[in-house]
Amino acid sequence: MYFFAHLLAGILLGVLLAYLIRDSRLIPACALGSILPDLIDKPVGLLLFPEIFGTGRIFFHGLLVVGLVLFIAILVYTSYPRTGILILALVAGIFTHQVLDAMWLQPANWYWPALGPFTGKSRPDFFVDAFWRTVR
């Protein structure tokens, strides 16, 4: 999916959470989380190590990172709730990015390392195919 589409989704999620929790700091946290997977994975997978990974959907496009950051967020929240809620918003943004990228279509990457190594083949983008491309 496109960078600005992820960013818009993160901002909208942040606005919703800010309205529900009454904390406007959640907006930039969700926005950052929604673009963070591409900011980390694209340079690593496509620029630094293209012969190893061959894809821009690696570590931060997997549920393992969501689980680890969620675990850290819960630990921080128990001692520092104001900081912990920001990390939870970051996790929500990261997970939103993965859903918008339809990562379930690449289970080896989404469930890494449970299903083996990353797959370098890219699958069609579910949302782009559904909404923006025309049928030929």
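Author: Contact means heavy atoms within 4.5 Å. Leaving aside neighbours within four places in sequence, Val 69 is in contact with Ile 87, Leu 90 and Val 91. This is a predicted model, in which local features need pLDDT of at least 70 and side-chain atom pairs count only at pLDDT 80 or more, while totals for chains, interfaces and linings use all residues. Residues are numbered from 1 along each chain as its sequence is written, and side-chain values use heavy atoms, with hydrogens and water left out.

Reader: Which residues form the largest nonpolar core?

Author: A nonpolar core is a set of buried (under 20% relative accessible area, 1.4 Å probe, protein chains only) Ala, Val, Leu, Ile, Met, Phe, Trp, Tyr and Cys residues joined through side-chain atoms within 4.5 Å. Here the largest has eight residues: Leu 36, Phe 60, Val 65, Val 66, Val 69, Leu 90, Val 91 and Ile 94. Two or more residues of this core come from each of α3 (63–79) and α4 (81–100), helices being DSSP runs of H or I of at least four residues, numbered from the N terminus. A second, separate core of five residues includes Ala 29, Cys 30, Ile 85 and Ala 89.

Reader: Is Leu 48 buried or exposed?

Author: Exposed means over 50% relative accessible area. Leu 48, found in helix α2 (residues 26–48), is exposed because its relative accessible area is 56%.

Reader: Where does Tyr 2 lie?

Author: Tyr 2 is in the segment before α1 (3–21), and counts as exposed at 53% relative accessibility. Tyr 2 and Ile 35 are 33 residues apart in sequence and 9.8 Å apart in space, C-alpha to C-alpha.
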